[in-house]
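Hi everyone, thanks for coming.

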Number of protein chains: 2
Amino acid sequence: MSPLSSSAASRATRSDVAKLAGVSPAVVSYVVNGTKRVGAEAEERVRDAVAKLGYRANPSARALRLGSTEMLGMVTPTTTNPYFAQLAHEVEVAAAKRGFMVINSSSDSSVVTERNQLEQLAGRLVDGIFLCSTVFEPDLRNLDIAGIPIVMLNNRAGIPSRDSVGVDLLHGAHLAVEHLAEHGYDEIGIVMGGTAGDAEDGREAGWRESLERLSLAPGPIARGLFTPGGGYQAMQRLIRSGAVPRSLFVSSDQMSRGVLKATLEAGLKVPEDVAIVSFDGSIDAAYSWPTLTTVAQPLAEMAEAAVDALLSPPHDPVHRVVEAHLVVGRSCGC
Amino acid sequence: MSPLSSSAASRATRSDVAKLAGVSPAVVSYVVNGTKRVGAEAEERVRDAVAKLGYRANPSARALRLGSTEMLGMVTPTTTNPYFAQLAHEVEVAAAKRGFMVINSSSDSSVVTERNQLEQLAGRLVDGIFLCSTVFEPDLRNLDIAGIPIVMLNNRAGIPSRDSVGVDLLHGAHLAVEHLAEHGYDEIGIVMGGTAGDAEDGREAGWRESLERLSLAPGPIARGLFTPGGGYQAMQRLIRSGAVPRSLFVSSDQMSRGVLKATLEAGLKVPEDVAIVSFDGSIDAAYSWPTLTTVAQPLAEMAEAAVDALLSPPHDPVHRVVEAHLVVGRSCGC
């Protein structure tokens with residue numbers, strides 16, 4: 001049992017502090033919140049009393065006064081994937097423009113933890129929550145009970161009862177495959193990240209659609225986790241199978257890092273032996289060597305749309321789709 | 001003004017919900033907190049009343065009951081640097097072992113924002129805060145007023161009034177320089193990230209010390225931001241100056257990504273033309289090509305030490321130093 005517990009259990013009130021310091025409760029607020037200057041002696045007495053009693057201001061009281069907590073929450077599957085880190089950063093920037101701060105927590109790709117995080121954030125009096133769920137259909141039951149709006153971010157298809165924002169994955173995949181085809185590659189494989197649930201990922205569906213439209217046979221598919229290690233292992237399997245295609249669409253920049261490493265390690269050259277178009281448009285694409293040609297997700301636009309949705313007056317749920325665009329590096333052969 | 005404001009301003013209490021639903025306040029708590037099953041009809045009435053009144057459970061009340069908020073806060077300079085992302089992840093893991101969740105916020109390397117984040121987290125009833133400050137001596141005045149312990153994490157030298165945890169940068173730099181010297185390189189330069197304040201960074205001091213001990217003249221110094229772009233520009237300047245040394249100690253894996261890109265782009269080979277030992281031991285070292293030899297910070301150990309310090313009974317401030325170790329990749333010539 002930590003010493004924190006005992007202090008929290010006997011939490012002092014503003015009145016307790018005022019009584020001990022011999023000042024009015026209003027003066028305590030002035031000192032604690034820094035909202036008004038008071039005499040040096042009175043301030044000293046308040047600080048002594050606060051320290052002695054272990055007093056903490058109550059955020060609910062401030063929230064009631066302001067009519068808002070000025071704080072939004074965000075839950076992402078992981079802090080260590082630069083894609084979500086960058087998305088969280090863009091959400092911070094977009095929220096700051098409206099005077100809101102964002103606190104983040106990570107579900108570690110666990111549905112149970114995700115649910116727990118949502119409940120904790122809701123209980124912590126945030127004004128709303130951005131959820132990058134680890135699954136297609138997250139468990140949002142009874143969260144309405146907290147009266148807190150939730151916007152699904154990085155959501156592919158939308159869920160019926162909530163606002164959501166996601167990138168057009170199909171269109172993004174078309175851009176990638178068409179660019180590889182324009183280079184004259186007639187064998188276009190895919191390294192695809194694993195997604196939760198049964199639905200086919202839009203990147204894979206878009207790859208297949210484009211090949212059909214271009215009358216090209218689908219190249220090999222290698223699957224793995226959406227991580228550098230996942231891409232590395234998927235590419236090693238392709239190499240061992242002897243069926244390395246002339247070109248590859250890789251479903252995330254994180255996977256592409258591993259694909260590049262496995263390819264170069266095997267003595268193959270990019271783009272001379274294997275051309276690559278990646279997906280995300282993250283800093284990983286810009287600082288790989290060769291630099292990655294990649295389908296860039298407009299993260300700032302997604303963040304703005306999500307903040308808009310969260311702070312809008314009550315409305316029917318909307319699924320907002322944003323468009324990706326191609327950023328040309330060296331990995332495709334350009 | 002958002003619609004959230006009006007609902008918050010007229011916040012309903014548990015009694016209001018109980019009255020409207022025609023149940024006791026205890027039954028409201030059972031339903032809202034999921035702590036006990038009640039009849040389906042009563043649950044339905046409570047949920048209706050909660051939705052109608054926009055009721056939110058009060059986290060302070062729960063914290064009082066438990067004697068702890070079960071929640072810790074963490075402030076880092078940026079979410080987009082994988083080093084801090086990984087450190088935050090390790091803190092989450094270490095805190096979860098003790099039953100605590102962690103909420104994060106990012107100061108965007110601004111002292112003003114950092115201070116604001118600390119106040120917001122303190123007001124949000126966390127039990128303690130991990131601070132990776134953007135400066136050597138952060139502004140912690142009056143935060144004691146909230147009675148919340150703060151542990152400085154990733155702190156180089158400790159500050160007098162707080163617990164702190166940091167890696168032994170001097171020793172880490174010795175490992176890097178000695179390893180390059182063992183390869184027989186007699187010209188060892190440094191690519192050094194910029195730090196706030198006047199104090200010399202331990203990595204630079206350690207590099208200089210080691211060279212002196214080995215009776216080697218210091219190689220060239222190139223400075224830049226602690227980012228891939230910072231490393232890229234620093235290395236481009238070295239290349240343009242024509243003074244590229246045979247080997248380089250680079251002060252972070254993030255910088256090394258940029259150093260690698262600039263080097264390979266200029267047609268130089270790593271390690272044949274320029275050997276590199278990096279610092280951090282992040283995933284960036286493992287998934288660069290060539291892989292980076294790097295001085296690894298023991299992030300899990302740092303996180304454990306920080307959680308220990310934060311949850312310990314009151315004690316005199318301690319600066320805990322952890323030791324780095326060398327992880328061998330291909331960039332050094334091994």
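Let's begin with chain A, which has 13 helices and 12 strands; these are DSSP runs, H or I of at least four residues for helices and E of at least two for strands, numbered from the N terminus. Please keep in mind that this is a predicted model, where local features need pLDDT of at least 70, side-chain atom pairs count only at pLDDT 80 or more, and totals for chains, interfaces and linings use all residues. Residues are numbered from 1 along each chain as its sequence is written, chains are lettered from A and ligands numbered from 1 in the order in which they are written, and side-chain values use heavy atoms, with hydrogens and water left out.

Chain A has 334 residues, and 55% of them count as buried, meaning under 20% relative accessible area with a 1.4 Å probe and protein chains only.

Now to the rings. How many aromatic pairs does the structure hold over all chains? There are six, counting rings of Phe, Tyr and Trp (its six-membered ring) with centres within 6.5 Å. One of them is A:Tyr287 with B:Tyr232: the centres are 6.0 Å apart and the planes at 80°, so this pair is edge-to-face, a label for planes over 60 degrees apart. A:Tyr287 lies in the loop between α12 (283–286) and β10 (293–296) of chain A, while B:Tyr232 is in helix α10 (residues 228–241) of chain B, so the pair joins two chains.

Are these two buried or exposed? A:Tyr287 counts as buried at 16% relative accessibility, and B:Tyr232 does at 14%.

Key:
Buried < 20%, exposed > 50% of the residue type's maximum accessible area, 1.4 Å probe, protein only. Phe/Tyr/Trp six-rings, centres within 6.5 Å; stacked < 30°, edge-to-face > 60°.
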